[in-house]
Amino acid sequence: MISIPHKTKQFLVLLIKLLIVGGAFYFIYNQLANNDKLDWQKFIVLFQKNQSVGGIVFILLLSVLNRFFEILKWQNLVEFIHKTSLREATKQVLGALTAGLFTPNGVGEYAGKALFFEKKDTKNVLFLNLICNGIQMILTVIFGILGLLYFNAQFNVITSKTVGLLFGLLILVFLVSFLLKKFTIKGYSIERLIHKINEIPKPIHQKNIFLAICRFLVFSHQYYFLFLAFDVHLSYLIVIATITSVYFLASSLPTFQFLDFAVKGSVAVYFFGILGVNEWIVIFVTTLMWFLNVVLPVVIGSYYVFNFKILSPTLFEGEGDKT
């Protein structure tokens with residue numbers, strides 16, 4: 001393996017930090033400045049009409065809670081390896097979020113978190129991050145399916161036959177997964193994954209599920225309250241059902257974190273269009289959700305990226321490098 005001088009490694013790490021942070025801010029600016037669907041004049045008029053210091057603080061508080069529950073989830077799970085302070089967990093979550101901004105479905109977040117740990121912990125960190133994101137996805141699927149069923153019962157978007165077919169396919173997937181649980185690919189199988197999950201103490205799983213539910217309730221209701229702020233007054237149940245449907249369908253599509261609001265916005269425009277909500281309001285609410293829950297944490301995470309120090313000699317270092 002090629003040995004790289006210490007000063008060169010320092011320069012390369014600094015260059016990567018600059019690329020990550022610079023790229024993050026460029027894409028954020030580009031999406032906000034060049035999105036022709038965002039009518040800023042309408043937004044300013046409505047904001048001036050409904051502006052409330054208490055309302056703004058409340059919406060910001062929900063963003064803080066959303067990310068705080070995610071940090072608590074990670075702190076709880078990582079106890080399986082060793083105790084981690086809230087400060088360290090915050091650094092790991094926000095730094096990894098920034099690093100994963102340009103990767104499909106945020107997969108770069110896995111590598112980002114792993115870099116905060118020793119090399120011997122890498123596999124466990126990747127697995128714990130899978131558990132952390134997995135429970136959130138499972139909840140999104142469960143609430144999303146319930147939301148879709150309720151939405152469809154009200155507006156009959158798809159026929160009962162199609163609903164039955166989808167449930168049949170879902171059951172088939174579960175049956176195939178069960179039958180093939182011992183099927184191994186390169187040493188990995190569903191059975192081994194379940195065994196690995198069971199190695200984690202039940203109290204950690206229970207706390208993880210509770211925090212994931214709290215987080216889901218926070219960001220879905222933040223979406224709801226933003227619609228209220230934009231003078232969208234519809235039935236609570238139908239709005240929540242639509243929001244959970246949007247998150248479920250949007251999460252099923254491969255995308256990048258910095259394009260997350262565009263994907264969710266497209267799905268949301270369709271569903272809320274059926275409810276008669278103006279397209280520009282849907283676009284603005286979705287963009288604000290993205291700004292509050294991705295952009296602001298990335299700005300804070302950029303600080304941790306710049307101050308990041310490699311804990312183990314795994315990056316840009318060859319075997320036998322003593323420079």
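# Exercises on aromatic pairs and helix packing

Ring pairs join Phe-143, Phe-216, Phe-219, Tyr-223, Phe-227, Tyr-247 and Phe-272 into a cluster; rings of Phe, Tyr and Trp (its six-membered ring) pair if their centres lie within 6.5 Å, with planes under 30 degrees apart counted as stacked, over 60 as edge-to-face and the rest as tilted. The model is predicted, so local features need pLDDT of at least 70 and side-chain atom pairs count only at pLDDT 80 or more, while totals for chains, interfaces and linings use all residues. Residues are numbered from 1 along each chain as its sequence is written, and side-chain values use heavy atoms, with hydrogens and water left out.

**Exercise 1.** State how many aromatic pairs a search of the whole structure finds, and describe the pair of Trp-74 and Phe-117.

*Solution.*
- Step 1. The search of the whole structure gives 17 aromatic pairs.
- Step 2. Trp-74 and Phe-117 form one that is edge-to-face, with 6.4 Å centre to centre and 80° between the planes.
- Step 3. This pair links distant parts of the chain: Trp-74 is in helix α3 (residues 53–78) and Phe-117 in the loop between α5 (108–114) and α6 (122–155), 43 residues apart. Helices (H or I, at least four residues) and strands (E, at least two) are DSSP runs, numbered from the N terminus.
- Step 4. Trp-74 counts as buried because its relative accessibility is 0%, and Phe-117 counts as buried at 3%. Buried means under 20% relative accessible area, exposed over 50%, and partly exposed in between (1.4 Å probe, protein chains only).
- Step 5. The charged end of Lys-113 sits over the ring of Trp-74, 4.1 Å from its centre. The criterion is NZ of Lys or CZ of Arg within 6 Å of the ring centre and within 35 degrees of the ring normal.

**Exercise 2.** Are Tyr-270 and Phe-271 buried or partly exposed?

*Solution.*
- Step 1. At 46% relative accessibility, Tyr-270 is partly exposed.
- Step 2. At 7%, Phe-271 is buried.

**Exercise 3.** Compare the length of helix α10 with its expected span, and give its burial.

*Solution.*
- Step 1. Helix α10 (residues 236–251) has 16 residues. The expected span is 1.5 Å times one less than the number of residues.
- Step 2. From first C-alpha to last, α10 reaches 22 Å, close to the 22 Å expected.
- Step 3. Of its 16 residues, 12 are buried, and α10 is mostly covered. The buried residues include Ile-238, Val-246 and Phe-248.

**Exercise 4.** Describe how α9 packs against α10.

*Solution.*
- Step 1. Two packed helices are described by the angle between their axes and the distance between the axes.
- Step 2. The axes of α9 (residues 202–229) and α10 come within 10 Å and cross at roughly 115°. Axes are lines fitted to C-alpha atoms, for helices over the stretch in contact, and angles run from 0 to 180 degrees between N-to-C directions.
- Step 3. The crossing of α9 past α10 is right-handed.
- Step 4. Contact (heavy atoms within 4.5 Å) involves, among others, Phe-216, Phe-219 and Tyr-223 of α9 and Tyr-247 of α10.
- Step 5. The end C-alpha atoms of α9 are 41 Å apart, which agrees with the 40 Å that its 28 residues should span.

**Exercise 5.** What is the secondary structure of the chain?

*Solution.* The chain has 12 helices and zero strands. Of its 323 residues, 43% count as buried.

Definitions and conventions. Left-handed = near helix turned anticlockwise from the far one by under 90°.
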